[in-house]
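Subject: Structure handover

Hello,

The structure you asked for is below, and my notes on it follow. Please read them alongside the coordinates.

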Amino acid sequence: MPKLTCQVETCIYNQDKYCIRNRIHIQGKLARIDLETQCGSFKLRQDENKNIYTQEFARFGQVNEHLSIDCDSVNCIYNNNLLCTKSNVRIEGSEALNRFDTLCKSFCLKKD
């Protein structure tokens with residue numbers, strides 16, 4: 001599974017630059033550049049749930065450094081049957097308020 005680094009600190013699933021989900025979904029079916037992708041799993045962290053990791057997900061015991069990544073970006077060289085095959089994936093969007101403010105920085109366009 002890919003190693004994921006997430007810079008989207010406004011996401012409820014972000015814990016110390018990693019994701020506490022076991023699977024995320026990258027969207028941007030027709031993307032030709034990274035700015036046309038987004039993390040479809042993004043959920044805005046509200047003040048009242050900023051400690052959700054310890055409340056809701058504590059049973060997992062740790063964040064997920066490696067996780068499965070579903071990917072709709074069929075124009076990316078790392079997309080293999082709608083799964084990401086890149087070994088290190090980086091999601092960005094430090095001030096994101098919704099999924100459209102995030103992007104897969106690891107996107108790389110297939111050559112024709």
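Nonpolar core

The largest nonpolar core has 20 residues, of which Leu4, Val8, Ile24, Ile26, Ile69, Val89 and Ile91 touch the most other members. Strand 1 (3-6), strand 4, strand 6 and strand 9 (88-92) are the elements that give two or more residues to this core. A nonpolar core here is a set of buried Ala, Val, Leu, Ile, Met, Phe, Trp, Tyr and Cys residues joined through side-chain atoms within 4.5 Å. Buried means under 20% relative accessible area, exposed over 50%, and partly exposed in between, with a 1.4 Å probe and protein chains only. In soluble globular proteins, nonpolar side chains tend to be buried together. Leaving aside residues up to four places away in sequence, Val8 touches Asn14, Phe42, Ile91, Glu92, Gly93, Ala96 and Thr102; contact means heavy atoms within 4.5 Å.

Basis of the values

This is a predicted model, in which local features need pLDDT of at least 70 and side-chain atom pairs count only at pLDDT 80 or more, while totals for chains, interfaces and linings use all residues. Residues are numbered from 1 along each chain as its sequence is written, and side-chain values use heavy atoms, with hydrogens and water left out.

Overall layout

The protein has 112 residues, and 41% of them count as buried. Its secondary structure comes to 1 helix and 10 strands, in the order β-β-β-β-β-α-β-β-β-β-β along the sequence. Helices (H or I, at least four residues) and strands (E, at least two) are DSSP runs numbered from the N terminus. Among contacts with a separation of 6 or more, 67% are between residues 24 or more positions apart.

Strand pairing

Two strands pair if DSSP finds at least two bridges between them. Strand 1 and strand 9 run parallel and are joined by 4 bridges; Leu4 has Val89 in strand 9 as its bridge partner.

Strand 4 (residues 23-27) also runs parallel to strand 6, again with 4 bridges, and Ile24 stands opposite Ile69 in strand 6. With strand 5 (residues 38-39), strand 4 pairs in the antiparallel sense over 2 bridges. There, Gln27 has Gln38 in strand 5 as its bridge partner.

Two asparagines

Asn75 is in the loop between strand 6 (68-71) and strand 7 (79-80). Which backbone oxygen does the side chain of Asn75 reach? That of Ala31, at 3.1 Å; a polar contact is a pair of N or O atoms within 3.5 Å, where within protein one must be able to donate a hydrogen and the other to accept it, and residues adjacent in sequence count only if both atoms are side-chain atoms. Not counting residues up to four places away in sequence, Asn75 touches Lys29, Leu30, Ala31, Arg32, Phe107, Cys108, Leu109 and Lys110. Its C-alpha atom is separated by 8.0 Å from that of Cys108, 33 residues apart along the chain.

Asn80 lies in strand 7 and is partly exposed, with a relative accessible area of 44%. The C-alpha atoms of Asn80 and Asp70 are 9.7 Å apart.

Regards
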